[in-house]
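Visitor: I would like to learn how to read the features of a model like this one. Please take them one at a time.

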Amino acid sequence: MSVKISQKIGTTLVGAGLLLTGAFAGAAPAQAVTDPFPNAPVCAVKSDHVTIKLGSSGNSVKEAQCLLNRHGAKLTADGKFGTRTDTAVRNFQRSKGLAVDGVVGTSTWKSLISGTSTAPTTRQARVDKVLKFAKAQLGKKYVWGAEGPNTFDCSGYTLSAYKTIGVTTPRTANAQAKAYRQVSKSSAQPGDLVHWPGHVGIYAGNGKVYHASSSQKKVVLSNVWGTPTYHRVF
C-alpha cells in the first residue's frame with residue numbers, strides 16, 4: 001500500500017514538473033512596442049503612443065498631457081498620469097464622442113493627434129512662437145498673481161508664453177525652475193527659462209531676457225544681471 005502511494009506522489013510531482021517546464025519552454029518572448037502613430041508631430045516629447053491610464057508614467061503620458069493642453073486642458077506635462085490627467089482625458093473623450101473610460105488607447109490617441117499638424121514641431125518654430133508672444137506683451141502692467149492677458153506677474157508671464165506651444169509650466173517661479181533641466185550659461189538658448197530666487201524670465205538670446213518686472217511695474221526686455229540659472233523647457 002505504501003509503495004503505491006509513493007508511486008502516485010512521485011508520478012504527480014513528475015507530471016507537475018513537466019507541465020511547468022512546458023509552460024516556460026512555450027512562453028513567447030517579449031515583443032518590442034510598435035508606435036501606431038510613427039509620423040505624428042511631436043508636442044512635448046517623442047513617445048511610442050502606448051496605451052496609458054491612471055497610474056501610468058513616462059514619455060507617452062507627457063506627450064498626451066501636452067496634446068490635452070492643446071485641446072484646452074491645463075495640465076503640468078510632468079509624465080505622471082494622476083487624477084487631474086484622468087479627468088482631462090475623460091472630458092476630452094466626452095467632447096469627442098469617445099468611450100469615456102480614462103484610457104488613452106488607439107482611438108483617443110488618434111483624436112488627440114488629429115488637427116495638431118499645423119502646430120510648431122521644430123524647436124526653432126516653438127522658440128519663435130514663445131518669443132513672439134513674449135515680445136508682444138512688452139509694456140503691459142505688472143500685477144502680482146496675474147496671468148494675462150493685460151497684466152502679468154513674472155511666472156504668470158512665462159506660463160502664458162509657453163502655453164502658446166501647448167506646454168503648461170508650474171505656476172510659481174521656483175517651481176518652474178525645479179521642473180526643468182538646468183543648463184549652463186554658455187549652453188543657454190533663446191526660449192530657456194532664466195531664474196533668480198523668486199523671479200523668472202524668458203531668455204531672448206544675446207544676454208537679454210524678457211520678464212515681468214515688479215520694480216519697473218511692467219513687462220520689459222532687459223540685460224541679464226547677476227548670476228541666474230538657466231533651464232531648458234523644451
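Guide: What follows goes from the whole chain to a strand, a helix, a cavity and some backbone angles. The model is a predicted one.

Visitor: How many helices and strands does the chain have?

Guide: The secondary structure comes to seven helices and eight strands. Of the 234 residues, 42% count as buried. Among contacts between residues at least 6 apart in sequence, 49% join residues at least 24 apart.

Visitor: Now a strand. Which residues of β4 are buried on each side?

Guide: Take the two faces in turn. In β4, residues 193–196, L193 and H195 are buried on one side, and V194 and W196 are buried on the other. Both faces of the strand are therefore covered.

Visitor: In what sense do β4 and β5 pair, and over how many bridges?

Guide: The pairing of β4 with β5 (residues 199–205) is antiparallel and has four bridges. Within this pair, V194 is opposite G201 of β5. The hairpin of β4 and β5 has two residues between the strands, and G198 there has a positive phi near 80°.

Visitor: How many bridges join β4 and β8?

Guide: Three bridges join β4 to β8 (residues 229–232), again in the antiparallel sense. Here H195 faces T229 of β8.

Visitor: For a helix, what span does α2 reach, and what is expected?

Guide: Helix α2, residues 59–70, has 12 residues. From first C-alpha to last it reaches 17 Å, close to the 16 Å expected at 1.5 Å a residue.

Visitor: Why is α2 described as largely enclosed?

Guide: The count of buried residues gives the reason. Nine of the 12 residues of α2 are buried, so the rest of the structure largely encloses the helix. The buried residues are S60, V61, E63, A64, Q65, C66, L67, L68 and N69. Their cover includes α3 (83–95) and α4 (106–113). After α2 comes G72, with a positive phi near 110°.

Visitor: How does one look for empty space inside?

Guide: A probe the size of a water molecule is rolled over the atoms, and this shows where empty space is left. In this structure, a search of the whole finds one cavity of 30 Å³ or more. The largest cavity holds about 40 Å³ of space.

Visitor: Which residues line the largest cavity?

Guide: The lining consists of A40, P41, V42, V45, K46, S47, H49 and E63. By class, four of these residues are nonpolar, two are polar and two are charged. E63 is also one of the buried residues of α2.

Visitor: What should I look for in the backbone angles?

Guide: Most residues other than glycine have a negative phi, and most peptide bonds are trans. H49, one of the residues lining the largest cavity, has a positive phi near 55°. H49 is in the loop between α1 (2–26) and α2.

Visitor: Is H49 buried or exposed?

Guide: The cut-off for buried is under 20% relative accessible area. H49 has 6% relative accessibility, so H49 counts as buried.

Visitor: What is phi of N206, and where does N206 lie?

Guide: N206 has a positive phi near 55° and lies in the loop between β5 and β6 (208–213). Exposed means over 50%. N206 is at 79% relative accessibility and therefore counts as exposed.

Visitor: Where is the cis peptide bond that involves P149?

Guide: The bond runs from G148 to P149, and its omega is near 5°. P149 is in the loop between β1 (141–142) and β2 (151–152).

Key: Residues are numbered from 1 along each chain as its sequence is written. This is a predicted model: local features need pLDDT of at least 70, side-chain atom pairs count only at pLDDT 80 or more; totals for chains, interfaces and linings use all residues. Side-chain values use heavy atoms; hydrogens and water are left out. Buried means under 20% relative accessible area, exposed over 50%, partly exposed in between (1.4 Å probe, protein chains only). Two strands pair if DSSP finds at least two bridges between them. The expected span of a helix is 1.5 Å times one less than its number of residues. Contact means heavy atoms within 4.5 Å. On a 1 Å grid over the protein atoms alone, a cavity is a set of points where a 1.4 Å probe fits but cannot get out, and a pocket is an open set with protein on both sides within 12 Å along at least five of seven lines; lining residues have an atom within 4 Å of a point. Grid points are joined across faces, edges and corners, and a volume is the space filled by probe spheres set on the points. Ala, Val, Leu, Ile, Met, Phe, Trp, Tyr, Cys and Pro count as nonpolar, Asp, Glu, Lys and Arg as charged, and the others, Gly among them, as polar.
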